[in-house]
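Subject: Structure handover

Hello,

Here is the structure for you to take over. My notes on what was found in it follow below.

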Amino acid sequence: MKAIICDSFGLPSNLKYQEVADPVPAADEVLIQIKACSVNFPDTLIIQGLYQYKPNFPFSPGSDVAGVIEAVGENVKGFKAGDEIVALIPHGGFAEKVVAKAKTCIPKPPGMDFVQAASFLMAYGTTYYALKDRARLKEGETLLVLGASGGVGLTAVELGKLMGARVIAAASTPEKLELCKQYGADETILYNDEDLKKRTKELTEGKGANVIYDPVGAHYAEPALRAIAWEGRYLVIGFAAGHIPKIPLNLALLKSCQIVGVFWGAFAQKFPGKNMQYMMQLLMWFNEGKINPHIHATYPLAEAPKALEEIMARKVKGKVVIRV
Ligand SMILES: NC(=O)c1ccc[n+]([C@@H]2O[C@H](COP(=O)([O-])OP(=O)(O)OC[C@H]3O[C@@H](n4cnc5c(N)ncnc54)[C@H](OP(=O)(O)O)[C@@H]3O)[C@@H](O)[C@H]2O)c1
């Protein structure tokens, strides 16, 4: 099969498109013919050796796949060859085939195409867990979303509205904010030009945002936290801007607020039943037309490095997807 291969850490231009052996499923695994794999920010980190874990070389990046089962291991129940599924895998998705633990696979809804399906699990899964479980977002509360047009950010705008919040979207360009409005944002902040803390306070009559969703970090984090409401919840999602901020803890004391970590991948592993329940809710909302991933662009497998470069250049709105 063909695959995008990382054989030493480096930039996307360091990746190779080459022929490799087909993977073989273990007893509890399925072999998937990949139809689409979305690109997530962690894919840009894993190839550079900057992610939380480092796979052995050679490996393919890509964790959010949709495809058709080609074969199943001897202990697999509930799936068979020909089933259309979505799966979240540690890596290996930028390839024609991959093996996945059967327990991590979910049947693909018939009304969802492969590109949409590959864009779904990580982005919506992370955000629903963050807003429902970690922030306990309530109807009528104000939600401030940083990096609001990005892969996870746009799902926070969309799910925040669906859960009854008033949503303030913050992003770096007017075009990005326009997309956020289309996804339901009530207010917008151009955070590279406007004062994030001051604008958030103005838009909330001085009270601040009840919940802040932060996938960006760096110099955006502290001004956002300074604009949190009394007993607010600050969701630590990620650090796409590159730098992990250090926060003065007196800010948490002064607002009686919580700084809350969110690690959806670990949650999904530790609590597969609860995660599946959340996924079923999300898939139901998709089937009802209430949520819909925004696809910025698709690329053929051989051009996957370009897709990674686009994410790193901050050019993507919503999701970019590799078609296999
Ligand atoms: N905690 C979890 O369980 C979990 C799960 C999934 C993802 N994440 C993390 O969430 C973050 C976002 O992931 P994603 O897939 O949504 O990424 P993405 O689509 O690339 O979105 C990231 C956003 O960050 C903003 N940004 C600011 N500075 C940037 C820079 N120097 N380079 C790139 N983007 C920059 C961009 O918006 P503006 O241009 O508008 O600033 C961009 O839209 C990542 O750190 C990822 O690791 C965490």
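**The ligand and its surroundings**

The ligand is surrounded by 29 residues, and the closest are F41, G150, G151, A171 and G238; a residue counts as near a molecule or strand if its C-beta atom, placed from the backbone, lies within 6 Å of it. Two or more residues of this shell come from each of α1 (41–46), α3 (121–134), α4 (151–162) and α9 (264–270). Helices (H or I, at least four residues) and strands (E, at least two) are DSSP runs, numbered from the N terminus. Helix α4 gives the largest share of the shell, three residues. Sorted by class, the shell has 16 nonpolar, eleven polar and two charged residues. For these classes, Ala, Val, Leu, Ile, Met, Phe, Trp, Tyr, Cys and Pro are nonpolar, Asp, Glu, Lys and Arg are charged, and the others, Gly among them, are polar.

Before you go further, please note that this is a predicted model: local features need pLDDT of at least 70, side-chain atom pairs count only at pLDDT 80 or more, and totals for chains, interfaces and linings use all residues. Residues are numbered from 1 along each chain as its sequence is written.

**Domains**

The protein chain is divided into domain 1 (2–120 + 293–323) and domain 2 (123–265), with bounds that come from an automatic or database domain assignment. Their C-alpha centres lie 28 Å apart.

**Sheet and strand pairs**

Six strands form an open sheet in the order β10-β9-β8-β11-β12-β13, with parallel pairing; two strands pair if DSSP finds at least two bridges between them. The edges are β10 (187–190) and β13 (258–261), each with a single partner strand, so one side of each has no neighbour in the sheet. On average, neighbouring strands of this sheet are turned by 20 degrees against each other, direction ignored. Axes here are lines fitted to C-alpha atoms, for helices over the stretch in contact, and angles run from 0 to 180 degrees between N-to-C directions.

Within the sheet, β8 (residues 142–145) and β11 (residues 209–214) run parallel and are joined by three bridges, and L144 stands opposite I212 in β11. Helix α7 (residues 218–225) packs on the sheet and touches β8, β11 and β12 (228–236); the direction of α7 makes about 170 degrees with that of β11.

There is also antiparallel pairing. Strands β3 (residues 29–39) and β4 (residues 64–72) run antiparallel, joined by eight bridges, and V30 stands opposite V72 in β4. Strand β4 also pairs in the antiparallel sense with β5 (residues 84–88), over five bridges; here A66 stands opposite V86 in β5.

**Helix packing**

The axes of α3 and α10 (residues 272–287) come within 10 Å and cross at roughly 110 degrees. That makes the two helices roughly perpendicular, the word used for 65 to 115 degrees, whereas angles under 35 count as roughly parallel, over 145 as roughly antiparallel and the rest as oblique. Residues Y124, G125, Y128 and Y129 in α3 meet N275, Y278, M279 and L282 in α10. This contact has six nonpolar, two polar and no charged residues.

**Backbone points to check**

Most residues other than glycine have a negative phi, and most peptide bonds are trans. The peptide bond from F57 to P58 is cis, with omega near -15 degrees; P58 is found in the loop between α1 and β4. A218, in helix α7, has a positive phi, near 45 degrees, and is not a glycine.

Regards

Notes:
Two residues are in contact if their C-beta atoms, placed from the backbone, lie within 7 Å.
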